[in-house]
Amino acid sequence: FLDCENSLNKDFVEKSSHLDTHGAVRYAPETLEAAFLKITNVIGFVRKKYDNPLVCVYDGFSVSPPKRVYEEVDIDTKKDDFNEIINLSKDQPGERARVISKELSKIFPLLEKSNTSLILLNQTRQKIGVMMGNPETTPGGKSLEFYASCRLRTSIHNYKIENTLDNIIGVNLKIKNVKNRHCANFREVSDIDKKKKKGVNP
């Protein structure tokens with residue numbers, strides 16, 4: 001479990017999903033390259049001893065920065081020449097998308113051979129300056145849409161409120177099947193309850 005946001009709650013995971021956390025490994029990668037390298041190493045280590053199906057979860061896919069960000073020279077913000085400060089930045093357009101495309105092309109053949117499933121959790125962002133059409137986008141470029149076998153879009157439909165205390169006890173989720181190679185696409189389910197201490201209601 002790659003927990004980039006440091007938001008994994010062991011007690012909640014055990015209660016909501018009945019997952020045996022003793023058989024799970026948690027890792028908080030600093031960069032995108034480190035995350036995919038850890039997935040490769042874990043698959044190789046586990047496959048030497050076990051043949052059971054393996055599941056890797058990458059939580060916070062849009063949070064991990066490229067490795068170049070950590071290697072960038074520190075900028076002195078005390079300088080008077082603001083143009084020089086701006087020019088010191090080395091941001092590259094589409095850098096995250098290029099890194100992800102390269103890493104996915106290397107790791108997906110390994111996933112197929114090792115009987116491993118990779119679950120990537122992403123977030124939506126708003127495009128700047130879009131006046132017509134859907135302004136929402138997902139970080140990581142188009143390679144995620146190409147390599148994914150199944151894409152599910154999850155959003156909050158409404159909040160579950162306890163009548164006696166007027167307290168929010170959970171949310172009602174709406175899940176849309178955006179892409180699926182095994183069944184029909186664009187199906188929606190909008191009546192899934194997720195409570196704080198119990199997880200998803202079966």
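A strand, as the word is used on this tour, is a DSSP run of E with at least two residues, and strands are numbered from the N terminus. Keep in mind that the model in your viewer is predicted.

**Stop 1: the whole chain**

Show the chain as a cartoon. Its secondary structure comes to six helices and nine strands. Of the 202 residues in the chain, 26% are buried.

**Stop 2: the largest nonpolar core**

Hide the surface and select Phe-36, Ile-39, Tyr-58, Phe-61, Ile-100, Leu-104 and Ile-107. These residues belong to the largest nonpolar core, which has 19 residues, and they touch the most other members. Which elements supply at least two residues each to this core? Colour helix 2 (32-47), strand 2 and helix 5 to see them. Helix 2 gives the most, with six residues. In soluble globular proteins, nonpolar side chains tend to be buried together.

Which residues is Leu-104 in contact with, leaving aside its neighbours within four places in sequence? Select Phe-36, Ser-143, Leu-144 and Tyr-147 to show these partners.

**Stop 3: a patch on the surface**

Next, select Val-55. This residue lies in strand 2, which spans residues 54-59. Together with Val-55, they form a nonpolar patch on the surface. The accessible area of the three residues together is about 230 Å².

**Stop 4: two loops**

Select Asn-115. You will find Asn-115 in the loop between helix 5 (95-113) and strand 3 (116-121). Its phi is positive, about 55°, although Asn-115 is not a glycine.

Finish at Phe-186, in the loop between strand 7 (167-180) and strand 8 (188-195). Phe-186 is a residue other than glycine with a positive phi, near 60°. Is Phe-186 buried or exposed? Its relative accessible area is 57%, and exposed means over 50%, so Phe-186 counts as exposed.

Key. Residues numbered from 1 in each chain as written. Predicted model: local features only at pLDDT ≥ 70, side-chain atom pairs only at ≥ 80, totals over all residues. Heavy atoms only, no water. Helix = DSSP H or I, 4+ residues; strand = E, 2+ residues; numbered from the N terminus. Buried < 20%, exposed > 50% of the residue type's maximum accessible area, 1.4 Å probe, protein only. Patch = residues over 30% accessible without salt bridge, like charges linked within 9 Å, V, L, I, M, F, W, Y side chains within 5 Å. Areas by Shrake-Rupley, 256 points an atom, 1.4 Å probe, with all protein chains shown as cover. Salt bridge = Lys/Arg side-chain N within 4 Å of Asp/Glu carboxyl O. Core = buried A, V, L, I, M, F, W, Y, C linked by side-chain atoms within 4.5 Å. Contact = heavy atoms within 4.5 Å.
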